[in-house]
Amino acid sequence: MLDVKHSRYAVLLAVLLMTGCYERKDVEDIKEDDSVHLDWQISRVYDSSTNKEQEQEQEQEQELDEISFYFKVEIKVGSLYVDANHNDGLLLHLDDQQIDLGKYNFSELYDDYVYYEVAIDDADDFEHVEITLKTPEKTFRSKLKLPERFTVENSATAESYDPILDDIHLTWDSELPFATVKGKLHYQYDQGVVGCEREEFSDAIESGNAYSIMMEDLHTGCDIKDLYTESIRTSISLGGGDTLTPQINDFEYYIIDFKQGYNWTRNIPMD
């Protein structure tokens, strides 16, 4: 049985666990000579996904139909995470658009970890992005120009593409290298027969701006069942990126991690 002194310590510990024993830095408390660190993750993905019956006549060069962006920001002063509220203290600029990141504040319960996260679907292809941290004594900025939009030539976009017989040849032009390629097939059978989805094919791209996915790499593990196949959905993706250097930077330390991706999906009925 605990004595009174130990009981008080136990109660104090319980209160701290319930209320959260953490320390953060408020934007209003940041000084001009503070060591402010920026950790910024950016993802830009081009996506094209349609059914063949919805397609119009296409050229060989794949049009990148939809763009999605993802931003994650962490700000620290020394070892303390910066906590920004809805007061325009921490802003994300996307060309002429402005987002108050205080509205996208995520905090870990009972922890000092704070981050800001925004996802934008069907977006414009922004040229410049910027983080602005406004404090009473100084405004900290980090601005960068995003890599140019790339294009992908995909042999599977041709009207004659057969997901059972054809290899898929990809070529691209990109400022940053692609490091991985992935592919997947899903067979949908008719007459109530359960479909087949094989394990995802994945490979590293060592160098260059071209890659070919062989038909047998995608089909292994599925029974083609020509007579019962209603449709085949083919999914292909490219991924890569690098760290970027800002054009303007007021943060003492920064890391800007940029990832880019290309997703392509076609659901093709089998006559």
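Visitor: Is Asp122 buried or exposed, and what is its relative accessible area?

Guide: Asp122 counts as exposed, a label for residues over 50% relative accessible area, whereas buried means under 20% and partly exposed in between (1.4 Å probe, protein chains only). This is a predicted model, in which local features need pLDDT of at least 70 and side-chain atom pairs count only at pLDDT 80 or more, while totals for chains, interfaces and linings use all residues. Residues are numbered from 1 along each chain as its sequence is written, and side-chain values use heavy atoms, with hydrogens and water left out. The relative accessible area of Asp122 is 58%.

Visitor: What phi does Asp122 have?

Guide: Asp122 belongs to the loop between S9 and strand S10 (128–134), where strands (E, at least two residues), like helices (H or I, at least four), are DSSP runs numbered from the N terminus. Although Asp122 is not a glycine, its phi is positive, at about 50 degrees.

Visitor: In which loop is Asp95 found?

Guide: Asp95, too, has a positive phi, of about 55 degrees, although it is not a glycine. Its relative accessibility is 37%, so Asp95 counts as partly exposed. The loop that holds Asp95 is the one between S6 and S7.

Visitor: Which strands are the edge strands of the open sheet?

Guide: The open sheet has five strands with antiparallel pairing, in the order S7-S6-S10-S11-S19, and two strands pair if DSSP finds at least two bridges between them. Strand S6 (residues 90–94), for instance, pairs with S7 over four bridges in the antiparallel sense, and Leu91 has Asp100 in S7 as its bridge partner. An edge strand pairs on one side only, and the two that do so here are strand S7 (97–100) and S19.

Visitor: With which side chain does the side chain of His93 make a polar contact?

Guide: His93 has its place in strand S6, and with a relative accessible area of 19% it is buried. A polar contact is a pair of N or O atoms within 3.5 Å; within protein, one must be able to donate a hydrogen and the other to accept it, and residues adjacent in sequence count only if both atoms are side-chain atoms. At 3.0 Å, the side chain that makes such a contact with that of His93 belongs to Thr132.

Visitor: Why is strand S4 described as largely enclosed by the rest of the structure?

Guide: Strand S4 runs over residues 66–77 and pairs with strand S9 (residues 114–120) in the antiparallel sense over five bridges, with Lys72 standing opposite Glu117 in S9. It is described as largely enclosed because, of its twelve residues, the number that are buried is nine.

Visitor: Which residue takes a positive phi in the hairpin of S4 and S5?

Guide: S4 pairs with strand S5 (residues 80–83) in the antiparallel sense over two bridges, and Val77 stands opposite Leu80 in S5. The hairpin has two residues between the strands, and the residue with a positive phi, near 65 degrees, is Gly78.

Visitor: How many residues apart in sequence are the parts that Phe140 and Phe251 tie together?

Guide: A search of the whole structure finds ten aromatic pairs, where rings of Phe, Tyr and Trp (its six-membered ring) pair if their centres lie within 6.5 Å, planes under 30 degrees apart being stacked, over 60 edge-to-face and the rest tilted. Phe140 and Phe251 form one that is tilted, at 5.8 Å centre to centre and with 35 degrees between the planes, and both residues are buried. Phe140 lies in strand S11 (residues 139–145) and Phe251 in the loop between strand S19 (248–249) and strand S20 (253–269), so the pair ties together parts whose separation in sequence, in residues, is 111.

Visitor: Which residues do ring pairs link into a cluster with Tyr46?

Guide: Tyr46 has its place in strand S2 (residues 36–51) and is buried, with a relative accessible area of 0%. Its side chain makes polar contacts with the side chains of Arg44, at 3.5 Å, and Asp125, at 2.8 Å. The residues that ring pairs link with Tyr46 into a cluster are Phe150, Trp172 and Phe178.

Visitor: What distance separates the C-alpha atoms of Tyr46 and Ser237?

Guide: Tyr46 and Ser237 are 191 residues apart along the chain. The separation of their C-alpha atoms in the model is 9.7 Å.
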